[in-house]
Each structure stands twice: as C-alpha cells, then as structure tokens.
Amino acid sequence: MRIDIDSYKEILDTITRNKARSFLTGFGVFWGIFMLVALIGGGQGLKELLSKNFDGFATNCALIFPQPTTKPYHGFRKGRSWTLTYRDIDRLRAQVPELATVSPMLSRWGANVTFKDKKSNCSFKGLLPNYADVEAPVMYYGRYINEMDVAQGRKVCVLGKKIYKTLFPGGGDPCGQRVRIDSTYYQVVGVNYASGNMSVNGRMQESVLAPISLVQRAYGRGEDIDLICVTMKPGTRVSKIAPRMREVIGQAHDVSPEDEKAITIINTEVMFTMVDSLFSGVNFLIWLVGIGTLLAGAIGVSNIMMVTVRERTTEIGIRRAIGATPRMILSQIISESIILTIVAGMSGILFAVVILQMLEVGNTSDGIVNAHFQVQFWTALGAVAFLSILGVLAGLAPAARAMNIKPVDAMRDE
C-alpha cells in the first residue's frame with residue numbers, strides 16, 4: 001500500500017516539475033474535448049432553432065393551389081386561369097382515401113384590423129376547424145374556430161400573437177371584445193400563440209382566423225377557394241398520392257393531370273426530409289472534427305510522456321534496481337497519462353457547458369428558452385469514458401519504453 005501512495009505522490013511531483021510541458025499537452029486535450037462538446041451542443045441548439053420554424057406544422061402535409069395552365073387540354077389553350085372550388089374538397093375525400101385531412105382556405109392579404117385607436121395589417125384567413133390538423137394552434141386565451149361557427153356563419157375571429165400584442169398592448173384576455181376587420185366587426189373568441197414561421201398565405205402570428213363560410217359571404221367569394229391543405233394517413237407518402245390528386249382535380253376543371261405547374265402541390269415532407277438529412281451530415285462532421293481533435297491531443301500526450309520517460313531514465317533505472325517491478329513502472333506512467341488527460345478533458349467539458357449555457361440564456365425571449373444549447377448527460381459521460389480510454393492508450397508506448405529500461409543502461413546514461 002505504501003508503494004501505491006508513494007507512486008501517486010511521484011506522479012503529482014512529476015506533473016508539477018513539468019508545468020509548461022504539461023500545460024501544452026493538457027491544452028491540446030482541453031481544446032479537443034471543448035470543440036467536441038461545444039459543437040455537439042451548438043448543433044443541437046441550431047437544429048432546435050430551425051425546427052421551431054416548423055413548430056406545430058404537420059410533417060406529412062401538402063398544399064394544393066391553382067396557377068395558369070402551361071399545357072393545352074380538352075380544346076383549351078395553355079395560359080388559361082382557373083380556380084379551386086369547395087366541391088374539390090368532397091372529390092378529394094371521396095376519391096383519395098389515403099388523405100386524413102382535407103381543409104380549404106380563403107385568404108385576404110393586407111386586411112386592416114382595428115380595436116379602438118389601435119390598428120394593424122393582417123392576413124385574414126377563412127378556415128375550417130380541421131385546419132388545426134395542419135397547423136396546430138397554441139391557444140393562449142379562449143378557443144379555436146369550431147363547427148358551430150362555420151355552420152352558423154358566426155362573426156367570430158381568433159387573433160394571432162403579433163396582432164394581439166399590437167391591438168392589446170396592455171395584455172389581458174381579449175375574448176368578448178369586438179375588432180373591426182375592414183368594414184365588418186367580429187367578436188374575439190381566442191388568441192393563438194403558435195409561433196412557427198411556416199407561411200401559408202401569411203404567418204400565423206400575423207393572421208386573424210375566421211370561419212370560412214363567413215369569409216365567403218363577407219367578400220363575395222361564392223364557391224371559390226384559394227388553396228387546399230391535406231395531410232396523409234400514417235404510412236402514406238405525399239409523393240405517391242400527388243399524381244392521383246392532380247388527376248381528380250384536373251378532371252373536374254379540364255386541366256391536364258400532367259400539368260404540374262397548373263395544379264401546384266407543395267410537398268412539405270420534402271422540406272422536413274431535407275432538414276433531417278442536413279443535420280445528419282452536420283452531426284457526422286461534428287463527431288469527425290471533434291474526435292479527430294481529441295486524437296491529436298492524445299498523440300500529444302503520448303509524445304510528451306515519451307519525452308518525460310527519456311528524461312527520467314536514471315530515476316526509473318534506479319527504481320528497477322531497488323526492486324520496483326515492471327507492473328509498478330507501467331502503473332505509474334499510465335496513471336500520469338490518465339490524470340493529465342482526465343483533468344484537461346473535464347476542464348474542457350466544464351468550459352464548453354458554461355459557453356453553451358450563455359448561448360441558451362441569450363436565446364431566451366418572453367421568458368421562454370428558444371433553443372437548448374446543451375449536451376445530454378449520457379453524451380458527456382461517454383466523452384469522459386472516451387477520455388479515459390485515450391489516456392490509457394496514450395500512456396502505453398511510454399510505459400513500454402519505461403519497462404524496458406535496465407539499471408545498467410540507466411547508470412550509463414547518468
């Protein structure tokens with residue numbers, strides 16, 4: 001037991017005697033683990049920030065809207081304008097059973113919404129209640145549009161977050177208050193705090209929602225609708241159903257099903273897939289750079305330990321002469337390597353966590369953290385285990401050299 005205690009005292013003495021060398025070596029490991037943890041945490045935070053742009057938006061969704069035709073069809077020339085109608089909703093529901101939700105939308109851009117002396121521009125949208133399956137609301141006050149609102153054409157509306165803060169800067173529940181949109185008054189029944197940046201005829205934060213039947217009458221739109229939002233049933237991909245949806249709509253409006261521009265279908269699945277693929281590549285690059293930097297630091301530790309062993313040839317030879325076993329020499333060298341690696345690595349992890357925490361605090365608004373720039377506990381624990389392995393590997397070559405030192409060679413070196 002006395003030999004082990006003395007051995008660890010010698011380890012600390014050795015590290016103290018070689019302060020400059022130990023600092024440079026430790027800095028390599030420190031920088032490597034700092035880079036790895038900071039990149040992992042930063043990548044996680046950036047992914048969360050980007051994902052917030054799609055908050056609440058269905059990942060298996062498609063948007064269908066009409067544009068002038070680009071191909072002649074059934075005797076009609078190309079360049080013909082046409083519109084979707086309310087009957088297309090029933091056609092899609094009946095002929096495309098893979099669709100889970102079919103929701104129409106009417107929009108009026110640049111509408112003016114007024115409450116007392118407060119005024120704001122908004123995107124005024126007419127919706128069905130099932131639009132919540134496409135873009136999930138986050139109700140801060142009140143409720144969302146319901147079936148009775150649509151059936152009775154009630155003059156009610158739901159305010160977006162930005163509109164609410166502009167019209168009611170003092171806060172408080174606005175439900176029951178009446179706001180004027182263009183020349184018509186509507187009763188506020190809810191405030192939607194959905195914060196996603198997906199723009200379907202206007203961002204949700206800058207929109208006022210009303211029953212679609214009411215908007216149809218208020219602006220004389222008849223059976224016309226601006227676009228149709230659909231979601232797929234589980235296991236169904238938009239890309240496989242898109243041709244059939246074009247065929248159903250094209251037959252009803254004498255538009256070629258092959259005219260992809262005339263019947264435009266925006267597949268949001270593609271966007272989500274691109275984001276996932278992007279961050280898969282980013283994560284691979286992060287691990288590649290981080291582990292590469294760590295390995296470079298471990299090689300530095302090994303080189304420094306080799307120099308240390310060479311300088312301590314006499315000391316190691318004398319210890320062998322007075323009875324120290326190869327195992328004792330091996331234990332001491334590897335212990336020095338592990339201690340140096342762990343201390344530098346843990347310092348790097350701590351510093352990275354502090355920096356990431358500062359980034360997290362800086363991305364807080366309205367008391368809500370927008371993104372978590374931190375690493376998971378198991379990731380940090382894995383980094384520590386990896387550091388320990390690196391410490392052992394870095395000490396193997398110097399330890400092997402130390403064990404081969406003979407007392408006669410040590411005396412001659414002296």
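What follows is a chat about the labels used for this predicted model and the values behind them.

Biologist: First the overview: how many helices and strands does the protein have?

Modeller: There are 12 helices and 14 strands. Of the 414 residues, 43% count as buried. The protein exposes about 20,800 Å², with carbon and sulfur atoms supplying 59% of that area. As for contacts with a separation of 6 or more, 78% of them are between residues 24 or more positions apart.

Biologist: What makes the largest nonpolar core a core, and which residues have the most contacts inside it?

Modeller: The label calls for buried nonpolar residues joined through side-chain atoms within 4.5 Å. The largest such set has 72 residues, and I64, L92, L99, Y131, I228, V230 and M245 have the most contacts inside it. Strand β3, residues 99-115, gives the most to this core, with 7 residues. Take I64: leaving out residues up to four places away in sequence, I64 touches L84, L92, L227, I228, V230, M245, I249, I263, T264 and I265. As a general point, nonpolar side chains tend to be buried together in soluble globular proteins.

Biologist: Which residues does the second, separate core include?

Modeller: That one has 12 residues, including I33, V37, I40 and V375. I33 is found in helix α2, residues 19-52.

Biologist: How do you know that I33 is buried or exposed?

Modeller: Buried means under 20% relative accessible area. I33 has 0%, so I33 is buried. The C-alpha atoms of I33 and M346 are separated by 8.1 Å, though these residues are 313 residues apart along the chain.

Biologist: Why is S120 called buried at 12% relative accessibility?

Modeller: The cut-off is under 20%. S120 comes in at 12%, so it counts as buried. S120 lies in strand β4, residues 118-127, and touches A111, N112, V113, I163, T166 and L167, again not counting residues up to four places away.

Biologist: And what is the relative accessible area of S207?

Modeller: S207 has 1%, so the buried label applies. S207 sits in strand β9, residues 207-211. Its side chain reaches the backbone oxygen of R203 at 2.6 Å. Leaving aside neighbours within four places in sequence, the contacts of S207 are S123, K125, V158, L159, G160, I163 and G202.

Biologist: On to charges. What makes E98 and R244 a salt bridge?

Modeller: The rule asks for a side-chain nitrogen of Lys or Arg within 4 Å of a carboxyl oxygen of Asp or Glu. For E98 and R244 the closest N and O atoms are 2.8 Å apart, and the pair forms a salt bridge. E98 lies in the loop between α3 and β3 and R244 in helix α7, so the pair ties together parts that are 146 residues apart in sequence. By this rule the count comes to 8 salt bridges.

Biologist: Which residue forms a salt bridge with D182?

Modeller: R108, with the closest N and O atoms 2.9 Å apart. This pair links distant parts of the chain, D182 being in the loop between β7 and β8 and R108 in strand β3, 74 residues apart.

Biologist: How far apart are the closest N and O atoms of E206 and K162?

Modeller: They are 3.4 Å apart, and the pair forms a salt bridge. E206 lies in the loop between β8 and β9 and K162 in helix α5, so parts 44 residues apart in sequence are tied together.

Notes. Residues numbered from 1 in each chain as written. Predicted model: local features only at pLDDT ≥ 70, side-chain atom pairs only at ≥ 80, totals over all residues. Heavy atoms only, no water. Buried < 20%, exposed > 50% of the residue type's maximum accessible area, 1.4 Å probe, protein only. Helix = DSSP H or I, 4+ residues; strand = E, 2+ residues; numbered from the N terminus. Contact = heavy atoms within 4.5 Å. Polar contact = N/O pair within 3.5 Å; in protein donor to acceptor, adjacent residues only side chain to side chain. Areas by Shrake-Rupley, 256 points an atom, 1.4 Å probe, with all protein chains shown as cover.
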